[in-house]
Amino acid sequence: AALAQLRAGLAALHARRGQLGSLDLQTGTAALGAELANCGLRLVLDHGSAWQVFAWLERSRAQSFRVRPVRPPADPEAAAVLAELRQLSFLIRTAELGGAPPDPAHLTRRAELQRQVRQRSWRAIGPGGAVAAAQAGAVAAALAESGQVLASIAVRDGHMLAVTIAAGRVRLTALGDFGAAAEAARRLTADLDALAGRRLPTRLEAVIRESVRRQTSVLDAEIVAPLLPVLGQAGLVIVPVGALAGVPWGMLPGLRGRPVTVCPSASSWLAAWRAAAGFASAAPAPASRPVLVAGPGLEHAVPEVTEIAAVYPGSRPLVAAAATVDATLRALDGAPLAHLAAHGHHDRENVLFSRLDLADGPLMAHDIQGLSVPPRQVVLSACDVGRTVVRPGEEILGFTAALLHIGTPTVISSVSRVADDAALGIMTAYHRALSAGSRPAEALALAGIPASAGEPLTPFVCFGTG
């Protein structure tokens, strides 16, 4: 009886969410159901089966992905606000690169314009309907077809557990301490940020690298080691929780060389898997001309897209002055494959304004919502844009999340800073493996295997479907 009441409460909340056209509001409403979700999870963990725990997690996390996206209507006034915001952001970034402090008036005006854009988006009306949560049987069938295993992580009283689906079986697996894992994830991100693209004193670099080894070992022991008996040799689809959303899973010892895909929920993974399968059946031949874009200010951006273009004969990269926001958005609309090499910035305070630097200003996460047809796969060879802000209910916001929300099945991006020379090597290897027929998660796993024991693995992650 208690579960019935809790389900009714979450269903009412989700019905209201479906009437909202703003992604900002859709993700924010989850906070209103946090107590219902937590109470239901405790009940099913106390008295339910693994199937019930799976169903409850799918009912109560990342629900914004079940709302059909709304494309903002054409609005000249909104377009003017965005144009001014882009120009101000360009001036601020130019000042920063020149070593001068940005004009305070520019910073104030930018904040005001961002506020206006957010508030305008709140007026959008949603379609009112929603995609049904995935059933365990449907997820199990798709996993069997893909040769993967799913692990959806939950936390109770500081301890983690995973609902796993492997070989058609749904099971509960006890994991380790969430506090230890979350702290290791935060320290690992800080260490990778400190190492990326910097020349450090030898002793300091050695200390940081030892810390990276220690943090990955902690994460491996708390999360991966208990899962290995379930995984076998299969690829892993992982649904993280909280601070674990930013883990570079391919760097963990137990997952090196294994295809790993990260998604907000099993329902979102199944939807992405079906979308990718639909794209493949509609266009069985691989696209020969992906969208390749090189942003300004990166030493290796042009060489990177030039090398990748050689993998796809006939490609014509957008570089220098041609790599504008409008040209990139037009190319992204419905693209089968896009690779963007640019400076990336994750904005924790205004997540939908996380951005990539292009020739005439930033391409923002907010802009992605205007695409009429989602690109099939986007590779973001840029710092930070795989990072997310995690709201209650495991709702995520960020540049990568914006692409997933509009229906892009696969996004490859970095969850920390990454040196652009390191990105050059791994991205070239990734596209070679992809063009040879590997699926995205497999190609990334192959590209991330170091040629020697001393080379660092890079923090790129496959999001969506592998």
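Which residues does Asp384 touch, not counting residues up to four places away in sequence? The last view has the reply. This is a predicted model, so to speak of local features we need pLDDT of at least 70, and side-chain atom pairs count only at pLDDT 80 or more, while totals for chains, interfaces and linings use all residues. Residues are numbered from 1 along each chain as its sequence is written, and side-chain values use heavy atoms, with hydrogens and water left out.

**View 1. An open sheet of 10 strands.** The order is β3-β2-β1-β4-β5-β15-β14-β11-β7-β6, with mixed pairing. Strands here are DSSP runs (E, at least two residues; helices are H or I, at least four), numbered from the N terminus, and two strands pair if DSSP finds at least two bridges between them. β3 (169–177) and β6 (291–294) are at the edges with a single partner strand each, so one side of each has no neighbour in the sheet. From one strand to the next, the twist averages 25 degrees (axes are lines fitted to C-alpha atoms, for helices over the stretch in contact, and angles run from 0 to 180 degrees between N-to-C directions).

**View 2. β14 against β15.** Strands β14 (residues 410–414) and β15 (residues 460–464) run antiparallel and are joined by five bridges. Look for Val411, which stands opposite Phe463 in β15.

**View 3. β7 with its partners β6 and β11.** β6 and β7 pair in the parallel sense over four bridges, and Leu292 has His339 of β7 as its bridge partner. Helix α11 (residues 301–311) lies across β6, β7 (338–341) and β11 (377–381), running at about 160 degrees to β6.

**View 4. Asp384 and its surroundings.** Asp384 is found in the loop between β11 and β12 (389–391). Asp384 is buried, with a relative accessible area of 12%. Back to the opening question: Asp384 touches Gly344, His346, Ser414, Ser416 and Arg417, leaving aside residues up to four places away in sequence (contact means heavy atoms within 4.5 Å).

Definitions and conventions:
Buried means under 20% relative accessible area, exposed over 50%, partly exposed in between (1.4 Å probe, protein chains only).
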